[in-house]
Structure formats: C-alpha cells, structure tokens
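Please look over the sequence and the structure below before reading on. The briefing that follows is grouped by topic.

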Amino acid sequence: MPTYSRPAEAPEDLPELLRPMIEKYRDEAEELRRLPDELLGHLRTAGAFRLNAPRELGGFELPLARSVALIEKLARIDGPTAWIVWNLNAGFAAAFLGETTVEKIWADDPDPMIAHSSQPGFLVPDDGGFRLSGEWKLVSGVDAAQWLGLLAVILEDGRPRMTETGPEWRFCLVPRDSVTVRDTWHATGMRGTNSNTVVAQNVPVTADRMVGPDAVARIDRPLYRLPVTNQITSGGAAVVLGIARAAIDEVAAVSRTKTGPDGAPIAQQPRIQAAIGRAAAQVDAARALLLTTLGELDAAVEDGRVATEAQRGAVRGALSHAGETARAVLTSMYELGSSSAVYESSRLGKLFRDGLVAAQHAVLSAPQYEVAGRTVMGIPAGDPTL
C-alpha cells in the first residue's frame, strides 16, 4: 500500500485555516454550481479529504464524532463546501478494499477524490465478477471526483438477493470515466455542490472493488470496526446544523444594527431575544445529541466492543432530529429577517435556501425515526443500511 505523510495542521484547525478561501469563493461556487478549482485545491492541500483515511495514506483517521464536529464548523462558514468535504471523504474505503485496488486508487496522490451515492443501482453476477447498472441522482461533487462509490443491490434471476435484514447490497468503486454524468443540478439551494446524476450501463466491477455492509476491514483499528454505513451517513446532519447555527449568528448580527419603528436596534426587543435564544438552544441540543450518539459508537469500537443495534438506531434518530431541528430554526430565523431575507444578495436568504435543500436528504427525513423507534422498542430494525 502507498504511504504518505499527514498534513502538518491539526484537523480541528482546518475550519479557521480554510475560512478565508471558503469565504472568497463561496459566491463563485453558487454561480458555477460547483466548487471552483482554486478552492478544491486548497481543501486538498490542507487535508480536508483525509478525515477518515488510514494513517498509512496520510489520513487523520478521526473518530466519527470528531469528523462530524469538524464538518459542522465548516458548514457555519459555507454549507455547500462542508457538504463536498463530507461526500468526498471516502478514504475509509482503503481499510476495506483489496490492496491491489488501494494501490491503484492511491498510487499517485494521497487525496483521490471519491464521491459516493446511497441511491441504489443494480449488480448482476457476470463471469466471476459483476456488472453495475443504474442511475444515481444527487451525486455531490461528481465533476471533481476521479472515482465513485456507488451503492447497488445484487440481483439474482432479476430479483434482489435477500438477507435476513433485506436486499443484499455493496458499495462499488468505479472510475469516473466509466460512467456518464448528466448535468441535472439546477437547484434552489446548495448550488455549489455539483450534485449531478450518474448513469452506469454494465460497468464491470471485481470483488476487490466492492464493500459490503458486514465487511471486515484489513486494517484492524477502531474507526474501521464500525459498520460501513456509519462511516458515511452522519455528515449531512452536521451540515444542516452548521447552516442553522450560521443563520442564528447572521440574525443576531443584523439585529444589532437594524432598527425598529422606535429607532432602537431590534436586538433590544424581547421577542427577538427569545427567538434567538430558543433557536440557539435547539441547535445546541441537536448537535449534542448527534455527537453523543456518535461518541458512543466510537467508544464501543475503541473498547473492542461491537456497537449494538440500539446504539446505531440512536444515531439514526439523531440524524432525523438534526434535520427536523434545522428546518424549524431556519424558518424561524428567516421570519425574523423579514423582507431583507428575500433578496438574492441576502446572506440569511442563502442560508435558508441551502439549509432547506440540504435537509431534504433522505437520511435526515422523518421516516428514519421509524428505524430508531424499533430499536428503542427492542424490535429488529429490519434495515440493511443501519
């Protein structure tokens, strides 16, 4: 396996280190519908795409809670940038993939760009390997990616191969040039994420380029003892909470200079104070729940224990709660912004649009509470992605 040195900066310093460049390019990213190359270059140089990569590859190998906390801080600066950092942090795959595949993907660069998608396509067995086909919408950062990690369900005789918990699936690593990318990302928010559509037609995939839900990592260290799905699902919650916090900070700043009918700053009005105080408490509570549940997973694998279904279910509930909280807080802050929030130039208006679009991600939706509820009740979750 190739070896690379880690960046000199501590990962927790990255948000403030990168803040000037992110703020410089975030408006351009909105116009381009993708992060500018200059910003991507700074993110790569700083190691923003190595949060969960193995140490041997120059990665930080951060526990889940630390990665998510870092992404939340990036989202306070810019939601789309944080979303790309989340979706292209797939370095953990190196701990699960075959060594030959790792040598190929990481041969020339400690920061191979791997965009992933959890919308399932299909795998058909073919001559010792598989053929991948399907359409994956909303593949964020796809135009910057060199490789793609695409979820697919295995078919037998035209039907999904079933396990005790549902259809059998794999994440498949395929080169970017083996698929077609359709320019479909014309969105009202999160425009800089370049979340286009990927189409694959009978793309060959060998077993050493696939990772299943119960895969055992070649690298036996705590982070890689976690289920694959837990490696990739929590960043979206961090992003929406970071955007919500940024909206609170924006309203608080505006309220100190904007005056009411009496000529006094609206920050002096009790209703404004109460609304901001409530919103801050809501976001802080949702963030604490998210980091606490992820921290319990981290603690389990650090102690050599297997994270229980109840613990993983609690994370799923925390994700839904984050989405629910962000929607409520963003709506409240938008209302406080009154007519100034409706203009394209409004920072608050952009945060509102970005946050509500990000909160549409399926893993942040209310139906995820059902999975969490079953684990609380002691009922088998019945979800192969838990």
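Buried means under 20% relative accessible area, exposed over 50%, and partly exposed in between, with a 1.4 Å probe and protein chains only. By that rule Pro80 is buried, with a relative accessible area of 2%. This is a predicted model, in which local features need pLDDT of at least 70 and side-chain atom pairs count only at pLDDT 80 or more, while totals for chains, interfaces and linings use all residues. Residues are numbered from 1 along each chain as its sequence is written, and side-chain values use heavy atoms, with hydrogens and water left out. Helices (H or I, at least four residues) and strands (E, at least two) are DSSP runs, numbered from the N terminus.

**Helices**

- Pro80 lies in helix α4 (residues 79-87). Its C-alpha atom and that of Pro213, 133 residues apart along the chain, are separated by 28 Å.
- Helix α7 (residues 235-255) has 21 residues and reaches 30 Å from its first C-alpha to its last, close to the expected 30 Å. The expected span of a helix is 1.5 Å times one less than its number of residues.
- Of the 21 residues of α7, 17 are buried, so the helix is largely enclosed by the rest of the structure.

**The α8 and α9 contact**

- The axes of helix α8 (residues 270-302) and helix α9 (residues 309-336) come within 9 Å and cross at roughly 160 degrees. Axes are lines fitted to C-alpha atoms, for helices over the stretch in contact, and angles run from 0 to 180 degrees between N-to-C directions.
- That crossing makes α8 roughly antiparallel to α9 (under 35 degrees counts as roughly parallel, over 145 as roughly antiparallel, 65 to 115 as roughly perpendicular and the rest as oblique).

- Two strands pair if DSSP finds at least two bridges between them.
- Strand β1 (residues 114-126) runs antiparallel to strand β2 (residues 129-139), joined by 5 bridges. Pro125 has Phe130 in β2 as its bridge partner.
- The hairpin of β1 and β2 has 2 residues between the strands, and Asp127 there takes a positive phi near 50 degrees.
- β2 is also joined to strand β9 (residues 196-205) by 7 bridges, and the two run antiparallel. Gly134 is partnered by Ala200 in β9.

- Strand β7 (residues 169-175) is mostly covered, with 5 of its 7 residues buried.
- Strand β3 (residues 147-156) runs antiparallel to β7 over 7 bridges. Val153 has Trp169 in β7 as its bridge partner.
- β7 also pairs with strand β10 (residues 210-211) in the antiparallel sense, over 2 bridges. Here Phe171 is partnered by Val211 in β10.
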